[in-house]
Amino acid sequence: MDSRFFDVKNSMALGQIAMLVGGKLADESKKDLEITNLGSLENSNENSIIYLALGNATSALLNKSGEYKEKLKTVKAGACLIKTEDTELVPSSMAIVEVDDPKSAFIKLTSVFYKDKSLQMKGISSQAFIDETVKFADKESVHIGPFAVVEEGVEIGKNCYIASGVKIKSGVKMGDNCIIKENAVISHTIMGNNVKIGEGSCIGGDGFGWHSGSFGHMWVPQLGRVILEDNVDVGINSSIDRGAIDDTVIGSGTKIDNIIQIGHNCKIGKNCILAAMSGVAGSTIIEDWVLIGAAAGISGHLRIGAGTQVGAGAGVIQNLAPKSVVSGYPAQPVGDFLKQAAMLRRMVKKKKVD
């Protein structure tokens, strides 16, 4: 990792790493092996630790054991995080830490070995505007960058990071450990703990509310809020509109990518994922653990059942039962979509022959 951008931890014994990630050393004699960095199959050395996750072993498309076995013959890493049932793939020269989920364990180590310098706390800049009515849970633990504006009545939790150029409007409440990156605008919002908002995003702006008649279009005042529950991430240049009367709610653990629009009054459940350039129109309810692919569109006033997967570019225009897997426009069961695509391909080929 480039030390210009990350503070790098010097080292950690492999035994400490195993304890940290809840793993087990296959050989206790390797517990004092010094690990100084995290590596990959392509880039590592004798003091690196890598991980190996084979995916779904029942799927020939996802199981890469053969490919990895060949690569591991030339890997120089000193240690590997791997599932117990896959340890035979690892060369005898490499120390093994057995874990249930190698990738999760590796991700946990990244926050131990590397600290993003851009997010290090630096206190409150003299060039920031902080209204005198702002309430801090612990002012000494908060960073506020130059030219940030925090208006009256805002409440800020512990260990929050508010970057340069951020604007937090009147009455917003932030929990602990929140990160608001450069030039984001937050209004009419209540957020829980560990919320992260990316650069340039707008949370709590006006919903797209109009009443149309022979007179033209009449603006409908947007009187609700945005509720961001714990551990919500919002990417760069995304927009979440506040409710018209009821609140727009984003459930705990949900991850929202870059350039995404979520309309007013939407209710998005826990641990959902919305990929880049997707959009959800107003008053739609998305239940827990829904995955929405890039550039997919969800019409308004729908209910998307828990565990549903919406393919990239799909257009959803009707309710979906729990655990649906859909693709295409209009969105339909992915098997039907693929059959139609294959049929069209055959028709085109036949036409060319004719």
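User: Hi! How many bridges join strand β18 to strand β21?
Analyst: Two bridges join β18 (residues 185-186) to β21 (residues 202-205), and these strands run parallel. Strands here are DSSP runs of E with at least two residues, helices are runs of H or I with at least four, and both are numbered from the N terminus. Two strands pair if DSSP finds at least two bridges between them.

User: Before we go on, what kind of model is this?
Analyst: It is a predicted model, where local features need pLDDT of at least 70, side-chain atom pairs count only at pLDDT 80 or more, and totals for chains, interfaces and linings use all residues. Residues are numbered from 1 along each chain as its sequence is written, and side-chain values use heavy atoms, with hydrogens and water left out.

User: Thanks! Back to β21: which residue there is the bridge partner of Ile186?
Analyst: That is Ile203. Strand β21 also pairs with β26 (residues 239-241), in the parallel sense, over three bridges. There, Cys202 has Ser239 in β26 as its bridge partner.

User: What do these strands belong to?
Analyst: They are part of an open sheet of ten strands with parallel pairing, in the order β10-β13-β16-β18-β21-β26-β29-β32-β35-β38. Its edge strands are β10 (129-130) and β38 (315-316), each pairing on one side only.

User: And which strand is joined to β10?
Analyst: Strand β13 (residues 149-150), through two bridges, and the two run parallel. Ile130 stands opposite Val150 in β13.

User: Where do side chains point in a strand?
Analyst: In a regular strand they alternate between the two faces of the sheet.

User: New topic: is Ser278 buried or exposed?
Analyst: Ser278 counts as buried because its relative accessible area is 3%. The cut-offs are under 20% for buried, over 50% for exposed, and partly exposed in between, using a 1.4 Å probe and protein chains only. Ser278 is found in the loop between β31 (273-274) and β32 (279-280).

User: What does Ser278 touch?
Analyst: Leaving out residues up to four places away in sequence, Ser278 touches Ile259, Ile260, Gln261, Ile292, Gly293, Ala295 and Ala296. A contact means heavy atoms within 4.5 Å.

User: How many aromatic pairs are there?
Analyst: There are four. Rings of Phe, Tyr and Trp (its six-membered ring) pair if their centres lie within 6.5 Å; planes under 30 degrees apart are stacked, over 60 edge-to-face, and the rest tilted. One of the pairs is Tyr51 with Phe106, which is tilted, at 4.9 Å centre to centre and 45° between the planes. This pair links distant parts of the chain: Tyr51 sits in strand β6 (residues 48-51) and Phe106 in helix α3 (residues 102-113), 55 residues apart. Tyr51 is partly exposed at 26% relative accessible area, whereas Phe106 is buried at 12%.

User: How are the planes of Phe208 and Trp210 arranged?
Analyst: They are edge-to-face, with 70° between the planes and 6.4 Å centre to centre. Phe208 is exposed, with 70% relative accessible area, and Trp210 is partly exposed, with 43%. Phe208, Trp210 and Trp219 form one aromatic cluster.

User: Zooming out, how many helices and strands does the protein chain have?
Analyst: It comes to four helices and 40 strands. Its C-alpha trace spans about 80 × 75 × 35 Å along the principal axes.

User: What share of the residues is buried?
Analyst: Buried residues make up 41% of the 354 in the protein chain.
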